[in-house]
Amino acid sequence: MASENLIEIRKVTFGYGRKPVLKDIEMKIPRGKVVSIMGISGSGKTTILRLVGGVLRAQRGEVIVDGKNIDELDRDGIYRLRRRMGMLFQFGALFTDLSVFDNVAFQLREHTDLPETMIRDLVYMKLHAVGLRGAHRLMPSELSGGMARRVALARAVALDPALIMYDEPFTGLDPISLGVIGNLIRKLNEALGATSIVVTHDVQETLGLVDYVYYLSEGVIVAEGTPDEMRENAEPLVRQFVYGEADGPVAFQYPAVEYGKDLRLH
Ligand code: ADP
């Protein structure tokens, strides 16, 4: 029987070269849920996505995706698994010389033998889901930032992935587009019967959207829970992050000599 969790990360440790980045990470991502990995920049969030995508290998511990240990898969196995993953990275990076339609069709043409008439129907369906069927002829340069992000989203789900990974999906968006993308992440997860991971430091938008949060600090999970549990979490690091306080365990001031001493120098 398939495990209840699409992803299990067991005691994973990873570093780039000698630089340790993740320490003893434990995560369970249940099927059908939208789970967030939060934390300030450099805490190791994207590295976790790379481990799940099989781009990197854990130095210790196990990454299990859909019952398979990533470490035990050969290249073909990894590619097969990746085809079932949709990835949306920060700026969506559309192909600038392809129309909206062709951007979304790209993976379908690349990875399937479907006839063009069926590809057309699928592309329109995905574009319709993100509200942009009417924009299929436009070129990326004609799109607003929010629209480009939605096209990238349609493209990421073109192959009906079982897992969708979003890396900072809200960065650089105006408040309205932010809300639109947030709703789409949830809606697509339901419509596709998928599981989603959202890596982000956009706290308020994310807490309103996800089922569960892992909070990462310097490569360690220091808190986890539902959005409500995170809002009530007393851990100072989490409070500072959730409530956007300027000062706390993460200091506003870069370490410096006592202010008076600096002033006396002049
Ligand atoms: P986040 O996504 O939370 O911002 P990352 O996972 O991107 O964090 O990075 C975690 C740490 O690993 C950072 O200190 C970053 O500088 C370092 N790092 C990321 N990618 C590489 C790489 N390819 N080579 C060396 N160090 C890296």
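This note comments on the ligand site and the pockets of a predicted model.

1. Basis. Residue numbers start from 1 along each chain as its sequence is written, and side-chain values use heavy atoms, without hydrogens or water. As the model is predicted, local features need pLDDT of at least 70 and side-chain atom pairs pLDDT 80 or more, whereas totals for chains, interfaces and linings use all residues.

2. Ligand shell. The residues around the ligand (a heavy atom within 4 Å) include Tyr 16, Lys 19, Val 21, Ile 40 and Arg 50. By class, the shell has three nonpolar, six polar and three charged residues; Ala, Val, Leu, Ile, Met, Phe, Trp, Tyr, Cys and Pro count as nonpolar, Asp, Glu, Lys and Arg as charged, and the others, Gly among them, as polar. With four residues, α1 gives the most to this shell; helices are DSSP runs (H or I, at least four residues) and strands likewise (E, at least two), numbered from the N terminus.

3. Ligand distances. A ligand oxygen atom lies 3.0 Å from a polar backbone atom of Gly 44, and a ligand oxygen atom lies 3.1 Å from a polar backbone atom of Ser 43. For Lys 19, an N or O atom of the side chain is 3.2 Å from an oxygen atom of the ligand.

4. Ligand space. The ligand takes the space of the second largest pocket. A molecule sits in a pocket if more than half of its atoms lie within 2 Å of the grid points. Val 21, Gly 42, Ser 43, Gly 44 and Lys 45 lie nearest the centre of this pocket, which 17 residues line.

Technical notes:
A polar contact is a pair of N or O atoms within 3.5 Å; within protein, one must be able to donate a hydrogen and the other to accept it, and residues adjacent in sequence count only if both atoms are side-chain atoms. On a 1 Å grid over the protein atoms alone, a cavity is a set of points where a 1.4 Å probe fits but cannot get out, and a pocket is an open set with protein on both sides within 12 Å along at least five of seven lines; lining residues have an atom within 4 Å of a point.
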